[in-house]
Structure formats: structure tokens, C-alpha cells
Amino acid sequence: MGLSVVSGMGAGSAAGRVLAIDYGRKRLGLAISDPLRLTARPLATWIRLNRGHDLARLRRLCREYEVSLIVVGWPLQLAGTRGEMAAEAVRFAEHVRAHLGIPAELVDERLSSWEAEQTLTETAGGKSRSRNRKRQSLDELAAAVILRDYLRSAGGTA
């Protein structure tokens, strides 16, 4: 299959940037590490069009940032069971690996969206945001949480 599931230590090599993807049916939240894999930062939220278009955009992004590993959030249920979205994330990660030629790992993302929501609420203070912009910020922040947790488990300091 070519995918690995990360539960503790990451299986990827320790050099080059890592791209994290918070997978969704409508949007992809993206976050990127620095080349030394020490930090994680939100990058963008993309509205999905179709698989071919999404993979082409990811290919360009991976070339631009010299990405050597992609981690895809694996939305397991709180009890650890796999639901419909977890199966979709597995298929998406398989397509990414096959079409981009970059290793892809699944990372347990339980509570990443909740943590991103808490962070967004704390940093926004009383500021009003449009619902759409808040959703986009939430997706890329969730990807950064996924990436931070991955880097920590792999021995980084994010």
C-alpha cells in the first residue's frame, strides 16, 4: 500500500519540509514545516474542485516548498474506530503518494479541529470574522496542529 500510520515515532526521513493536510470533502487545510522540521505553520486553505485539480495544485506546492513528506490527518472517531471520513482520508493519502511520488503518512487527528477552534477563539478576542474566513482559518490551523503533533512525535520541537 505504501502508506504508514503514525502512532508514535514518525517513519519519514528527517530531512526536508513536511506538508500536513487536514482533509475534508470541501476544503483542504494545509500547513508546512521548516526544512529542519522544527516548526509548523498554517499555510493555506484550498477549496476542493476535483481530485485531478487538487493533486496538480499539491504537486506544484510540493515542488515550490521542496516537500519530502506529506502527512494526512486521519479522522478517527474518539474511540479510535474508523468511520467513513477515515476511509476517505486513507484513499486520498494513497492518491497523493501515487500521483506525487512523495511518501504519505496518516496521522491520528482526533481533537485537532477542537484545539484549532480553541486557539482561534483565544486569538480572535472579540473580533468579528466572516463565517467563511473563520472556517478557512480553522482548516489551516487544524493542519498546523496535526503537523505540530507529528513533528513532536518524530523528535522535533514544534
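This briefing describes the fold, the nonpolar cores and a few side-chain arrangements of one protein.

The model is predicted, with a mean pLDDT of 81 for the protein and 70% of its residues at 70 or more. Over residues 6-12, however, the pLDDT is below 50, although this stretch has 21 contacts in the model beyond near neighbours in sequence. Where pLDDT is low, the predicted coordinates should not be read in detail.

**Overall fold**

- The secondary structure of the protein comes to four helices and six strands, and along the sequence these elements follow the pattern β-β-β-β-α-β-α-β-α-α.
- Of the 158 residues in the protein, 47% count as buried.

**Strands β5 and β6**

- Strands β5 and β6 pair in the parallel sense, and five bridges make up this pairing; as one example, V72 has L106 in β6 as its bridge partner.
- Strand β6, which covers residues 104-108, is mostly covered, with four of its five residues buried.

**Nonpolar cores**

- The largest nonpolar core holds 27 residues, and the members that touch the most others are L19, L30, L58 and I70.
- Two or more residues of this core come from each of β2 (17-23), β3 (27-33), β4 (40-47), α1 (51-65), β5 (67-74) and α2 (84-100), and α2 gives the most, with seven residues.
- Leaving aside neighbours within four places in sequence, L58 is in contact with L19, I21, L30, W46, F92, V96 and L100.
- As general background, nonpolar side chains in soluble globular proteins tend to be buried together.

**Aromatic rings and a charge**

- A search of the whole structure finds one aromatic pair, formed by Y23 and F92, whose rings are tilted, with 4.9 Å from centre to centre and 35° between the planes.
- This pair links distant parts of the chain, since Y23 lies in strand β2 and F92 in helix α2, 69 residues apart, and both Y23 and F92 are buried.
- F92 is also one of the residues in contact with L58.
- The charged end of R57 sits over the ring of W46, at 4.0 Å from the centre of that ring, and W46 is likewise among the contacts of L58.

Definitions and conventions. Residues are numbered from 1 along each chain as its sequence is written. This is a predicted model: local features need pLDDT of at least 70, side-chain atom pairs count only at pLDDT 80 or more; totals for chains, interfaces and linings use all residues. Side-chain values use heavy atoms; hydrogens and water are left out. pLDDT is the predictor's confidence in each residue, from 0 to 100. Contact means heavy atoms within 4.5 Å. A nonpolar core is a set of buried Ala, Val, Leu, Ile, Met, Phe, Trp, Tyr and Cys residues joined through side-chain atoms within 4.5 Å. Buried means under 20% relative accessible area, exposed over 50%, partly exposed in between (1.4 Å probe, protein chains only). Two strands pair if DSSP finds at least two bridges between them. Rings of Phe, Tyr and Trp (its six-membered ring) pair if their centres lie within 6.5 Å; planes under 30 degrees apart count as stacked, over 60 as edge-to-face and the rest as tilted. A charge sits over a ring if NZ of Lys or CZ of Arg is within 6 Å of the ring centre and within 35 degrees of the ring normal.
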